[in-house]
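Let's take a walk through this one together, starting with a sheet and ending with a pair of helices. Keep the structure open as you read.

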Amino acid sequence: MIRLENISKIYRTKEIETLALDRINFEVKEGEFVSVMGPSGCGKSTLLNIIGLLDEPDNGTVELDSQPIKLYEDKKTARMRNQLVGFIFQSFHLIKELNVYDNVELPLIYRKTPAGERKKLVLDALERVGLSNRMYHYPSQLSGGQCQRAAIARAFAGNPRIILADEPTGNLDSKIGQEVIDILSSLNNSGTTIVMVTHDEHLAKSTHRIVRLFDGRLVG
Amino acid sequence: MLKNYFKIFLKIASENKLFTFLSLFGISLTIMFVMIFSMTITKITKGTGPEKNLGNIRFCYRVKTVTTHNGKKDFGYSISSCGRWLSEEHLKKIKSADIVSMYTGPRPWEFILNGKYQKKIQNQTDAEYWKIFDYTFLEGRPFTREEVDKGANLAVISESLKELLFGKEKNVLGKTVHYTSIDLTVTGVVEDPPPTDQNAIGDLYFPYTVLKSTEDPQEFLGGFTDAFKGSSSSQFRAIKNEVQETIARLDAADTTKTVFVPGPNSQLEKMMVGYGDPEEFSLGSSVFKYFLFALAFLLLPAINLMALNFARIHERGEEIAVRKSFGAASGMLRTQFLFENIVMTLAGGAIGIILSYLVVAVLGKSVTLQIDFLNNVPLTFSFNYIVFAVTLIACLIFGLLSGFLPAIRLSKMKPAVYLKGGEI
């Protein structure tokens, strides 16, 4: 489902170069739930951004759903992000000017899903994360847990085959964090491939496989 | 999609009140000025009241003479209106026009009435003047050609002059108006022409022959304008050819000077030349000059809005990154930003139109647009589809100009940077 071959990424400023990823080879099979662990600054988020076509490697190739990706093909990568991938971020990144319903609807609008079907998909997603009664609330009117549930609903509303979660429980207490993991596990049980970056060993153990990064290299 | 863009626009506009105010302020003020200025100018050039057939009238109003020595032009030149001899003996005899009239146009008339200083406008005309311009006579009649030829001391007065001189009296025909040392008998009273009129304007009209000419014999320069009435562009071409042939003939006959008479020209050209050198005037370069001026004027709020947009790009980084993450291609983001900008400028345009109504309603009579030394035209509001279309286009240009470059930069932003709160 996801295949990275010999991926390197260097961040350059005027003064220094930082090697974020060093010749990474990584594969995730369809239906897997994989955790990526490692200390801060080891390249976990960079890895996730490269898988999600949000960032470009300096070397190596990325394949999603058996298709090699070239990031300069703006329309094609946008379409793949829209149809194949759903993102969950540590800081939720809900658009503050839109209410919960409109936030969840966003990927479906870009997919040009007809209005009736769009409404059904959004309501189903909100029902599944238990936010039906908060759909007209704005992000500022929600708790952290509710924001993350809205963000999860947005990620899976369009039934993407891959969900990329960057420390989805990082800003939540352990109880709410477990609820989030339960939702992700349930999505995985329905066939969605999930790659999750986490610092939490306990949560990582509940996934199928743990991948460890250290100084931009895979170490296990 | 547009509904989503619109929601975002409304929310951002209502949350960033200062930005919204600054954006709308620049656009709406500019649109207001453009609307008021263009509507007033349109009204002047299109003609109203006695000038309602202005499209069928062309004018000879400027003469330039350059002295010559041995067939070579000298440095000295004179520019003025047409001389009485030139108008009376030559221009009035142009056959290709339906009607030709000569008149002085508006001139100041100052007098003391019951101890109070009064300033009014007098206009010395021929009989044809009343056929070219469409005055509404409230009483009496205009003076005839025979009366003009005889130099009869007659006058047509405006309604407001009648009220000033004779109060509430109903019939003032046959009464006397003192103009300097001359007594003029009133033959007619006309409705006041609207202040936007530039030719058919005055409070006191009397035959130009009442005053003896003080000009030199065969003088080209003087104080008259000649108006030619026609009905088609081919007729106006014929009139122009005949006028220019006449001038060329007169020029050839006078070896002491060369003579240049432009036109006959439309009201718009007449206004553009103003008191400038008619020989230097070119409609194309004048229009281009005004176009550049208008463009610079319109660019100011567009640049202001562009600067505000650039300043706010960083603020919207997170939103743009999220949109990219969920499938927005760069083109979609550019469209969104341009859409927001165009909605903003259209809102500014709508406010500008409302403001121009309000400004004209409140200040229209006290604030005037000075066309020349006698004509201070009050600000005018007349809904005109052309002006509206031009304003709409100006709004869209604002939106595109101010949104285009920021939209490009915004669509090129790297989402990974903003999803990590500005750090990788």
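In chain A, strand 4 (residues 59-64) and strand 5 run antiparallel and are joined by two bridges. Strands here are DSSP runs of E with at least two residues, helices are runs of H or I with at least four, and both are numbered from the N terminus. Look for A:L64, which sits opposite A:Q67 of strand 5 of chain A.

By the way, this is a predicted model, so local features need pLDDT of at least 70 and side-chain atom pairs count only at pLDDT 80 or more, while totals for chains, interfaces and linings use all residues. Residues are numbered from 1 along each chain as its sequence is written, and chains are lettered from A and ligands numbered from 1 in the order in which they are written.

Now zoom out: four strands of chain A make an open, antiparallel sheet in the order 2-1-4-5 (strands pair if DSSP finds at least two bridges between them). Strand 2 (17-28) and strand 5 (67-68) of chain A are at the edges with a single partner strand each, so one side of each has no neighbour in the sheet.

On to the helices. Helix 5 (residues 144-156) and helix 6 (residues 174-189) of chain A pack at about 15 degrees, with axes 10 Å apart (axes are lines fitted to C-alpha atoms, for helices over the stretch in contact, and angles run from 0 to 180 degrees between N-to-C directions). That makes helix 5 of chain A roughly parallel to helix 6 of chain A, a label for angles under 35 degrees.

Key
Angles under 35 degrees count as roughly parallel, over 145 as roughly antiparallel, 65 to 115 as roughly perpendicular and the rest as oblique.
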